[in-house]
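Subject: Structure handover

Hello,

Please find the structure below, with notes on what turned up in it after that.

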Amino acid sequence: MGCFRNRNERFHWNKLTNEQKRNVIRLCRLRKNKITRLKRNDNIDKDFFEQKSLF
């Protein structure tokens, strides 16, 4: 589904130090968690509205 790195991070990956790479990986985890949370919340909202329409 993607590595969650931005364009600059992908383009310059081979030039980064190990510390910088670790930081990029940390940022990728945060981005992934944020997207997962947003998707989960979006599904919860849809479920709520779908249940409400049954009444």
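The sulfur of Cys28 is 5.9 Å from the closest cysteine sulfur, which belongs to Cys3, and that is too far for a bond. The cut-off for a disulfide is 2.5 Å between the two sulfur atoms. Please keep in mind that this is a predicted model, and that the values below are computed from it.

Overall picture

The protein has 55 residues, of which 7% count as buried. Its secondary structure amounts to two helices and zero strands. Helix α1 covers residues 7-11, and helix α2 covers residues 18-53. The exposed surface comes to about 5400 Å², with 53% of it supplied by carbon and sulfur atoms.

The cysteines

A search of the whole structure gives zero disulfides. Cys3 is accordingly in no disulfide, its nearest cysteine sulfur being that of Cys28 at 5.9 Å. What is the burial state of each of these two residues? Cys3 is partly exposed, at 38% relative accessible area, whereas Cys28 counts as buried at 9%.

Cys3 sits in the segment before α1. Leaving aside residues up to four places away in sequence, Cys3 touches Arg10 and Cys28. The two cysteines are thus in contact, although their sulfur atoms are too far apart for a bond. Cys3 can also be placed relative to Arg29: the two are 26 residues apart in sequence, and their C-alpha atoms are 9.3 Å apart in space.

The salt bridge

How many salt bridges does the structure hold? There is one. It is formed by Arg31 and Glu9, with 2.8 Å between the closest N and O atoms. Arg31 belongs to helix α2 and Glu9 to helix α1, so the pair ties together parts that lie 22 residues apart in sequence. The two partners can be described by their accessibility as well: Arg31 is partly exposed, with a relative accessible area of 27%, while Glu9 counts as buried at 10%.

With residues up to four places away in sequence not counted, Glu9 touches Phe4, Val24, Leu27 and Arg31.

Phe4

Phe4, one of the residues that Glu9 touches, lies in the segment before α1. Its phi is positive, at about 70°, although Phe4 is not a glycine. Most residues other than glycine have a negative phi. Phe4 counts as partly exposed, at 27% relative accessibility.

Lys21

Lys21 is in helix α2. Where is the nearest side chain of opposite charge to Lys21? That side chain is Glu19, and it is 13 Å away. The cut-off for a salt bridge is 4 Å between a side-chain nitrogen and a carboxyl oxygen, and Lys21 has no salt bridge even though it is buried. Not counting residues up to four places away in sequence, Lys21 touches Trp13 and Leu16.

In short

Regards

Methods
Residues numbered from 1 in each chain as written. Predicted model: local features only at pLDDT ≥ 70, side-chain atom pairs only at ≥ 80, totals over all residues. Heavy atoms only, no water. Buried < 20%, exposed > 50% of the residue type's maximum accessible area, 1.4 Å probe, protein only. Helix = DSSP H or I, 4+ residues; strand = E, 2+ residues; numbered from the N terminus. Lys, Arg positive; Asp, Glu negative; His and termini not counted. Contact = heavy atoms within 4.5 Å. Areas by Shrake-Rupley, 256 points an atom, 1.4 Å probe, with all protein chains shown as cover.
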